[in-house]
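Reader: Hello! Could you walk me through this structure, one feature at a time?
Author: Gladly; let us look at it together.

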Amino acid sequence: MTTDTLHDLPRRALGHTGLQLSPMGFGTVKLGRNQGVKYPAGFELPDDRTALNLLAEAQALGINLLDTAPAYGSSELRLGTLLRGQRQQWLICSKVGEEFTDGESSYCYTPEHIRMSVERSLLRLNTDVIDLMLLHSDGNDVDNIQRYGSLQVLNELKQQGKLRATGISSKTVEGGLLALQHSDCAMVTLNLHQQDEQPVIDYAASHDKGILIKKALASGHICLQPGQDPVQASFELIFARPGVTSVIIGTLNAEHLRHNVAVMAGVLRSQSPL
């Protein structure tokens, strides 16, 4: 297997924010939550040594973005401990709006909750600023933005220096487009099975906004397909879109992470030879 990394590939601008991201971000759901998830197989949460090794592997492969959320169980809290002494080496994306308690998700987008959630994330992550904060969608994106002024609250916190960029992890085209008019970034689903949020990516590309891709491998289900390497096919599809900044991939398997990075590096080089 190739040992390609992302180190010799250029960082990608997150729209106009000034943030420079690796083309792959490391998703940390599996560091903190194994209930109510949609992966093909169950798993145990890793111990601290295993989690530290995964983070070190991700960094060695050229990844500089970590994706977390209050809805990911103990993920934020664990990262706050695991990243002590290395916070400046990472960009962190977290979220507001979804809570996960006693095995159940709940949602709240009021200004009071958003402010509380951001302050709590700062404490949990043991940091003075969070690089990117997204609304965590419950599927009612437009209503949540318009009724509660949720993006306005995030932008106020950005002006206060607590956030560097804002946006939405959306579930609707309308919500993604609306959010991009009032924030910096949208995280959308794009994979071999689901491509309906393409208009959001197109809007971002033409308005200097950032796009993060979630569920690029359909939470691992695409990897079960026979035939052509589904990881390569997925990355070829995604990076053919000029609006895409970075893809969030989560795994507890270091070999899978190395394979995904090597495939991504090959796809990016083939699309834009260095």
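Author: Let us begin with T251, which is found in the loop between β12 (246-249) and α10. Helices (H or I, at least four residues) and strands (E, at least two) are DSSP runs, numbered from the N terminus. This is a predicted model, where local features need pLDDT of at least 70 and side-chain atom pairs count only at pLDDT 80 or more, while totals for chains, interfaces and linings use all residues. Residues are numbered from 1 along each chain as its sequence is written, and side-chain values use heavy atoms, with hydrogens and water left out.

Reader: Is T251 buried or exposed?
Author: Buried means under 20% relative accessible area, exposed over 50%, and partly exposed in between (1.4 Å probe, protein chains only). T251 has a relative accessible area of 8%, so T251 is buried.

Reader: What does T251 touch?
Author: Contact means heavy atoms within 4.5 Å. Not counting residues up to four places away in sequence, T251 touches F26, G27, K30, L54, H256 and L257.

Reader: Which backbone nitrogen does the side chain of T251 reach?
Author: A polar contact is a pair of N or O atoms within 3.5 Å; within protein, one must be able to donate a hydrogen and the other to accept it, and residues adjacent in sequence count only if both atoms are side-chain atoms. Here the side chain of T251 reaches the backbone nitrogen of N253 at 3.0 Å.

Reader: Where is T28 found?
Author: T28 is in the loop between β3 (24-27) and α1 (29-32). T28 is buried, with a relative accessible area of 0%. A polar atom of the T28 side chain lies 2.7 Å from the backbone oxygen of D67. Leaving aside neighbours within four places in sequence, T28 is in contact with D67, T68, Y72, S75 and L79.

Reader: How are two packed helices described?
Author: By the angle between their axes and the distance between the axes. Axes are lines fitted to C-alpha atoms, for helices over the stretch in contact, and angles run from 0 to 180 degrees between N-to-C directions. Helix α2 (residues 48-60) and helix α3 (residues 75-82) pack at an angle of about 75°, with axes 11 Å apart. Angles of 65 to 115 degrees count as roughly perpendicular, under 35 as roughly parallel, over 145 as roughly antiparallel and the rest as oblique. The helices α2 and α3 are therefore roughly perpendicular to each other.

Reader: Which residues meet there?
Author: D48, A51, L52 and L55 in α2 meet R78, L79 and L82 in α3.
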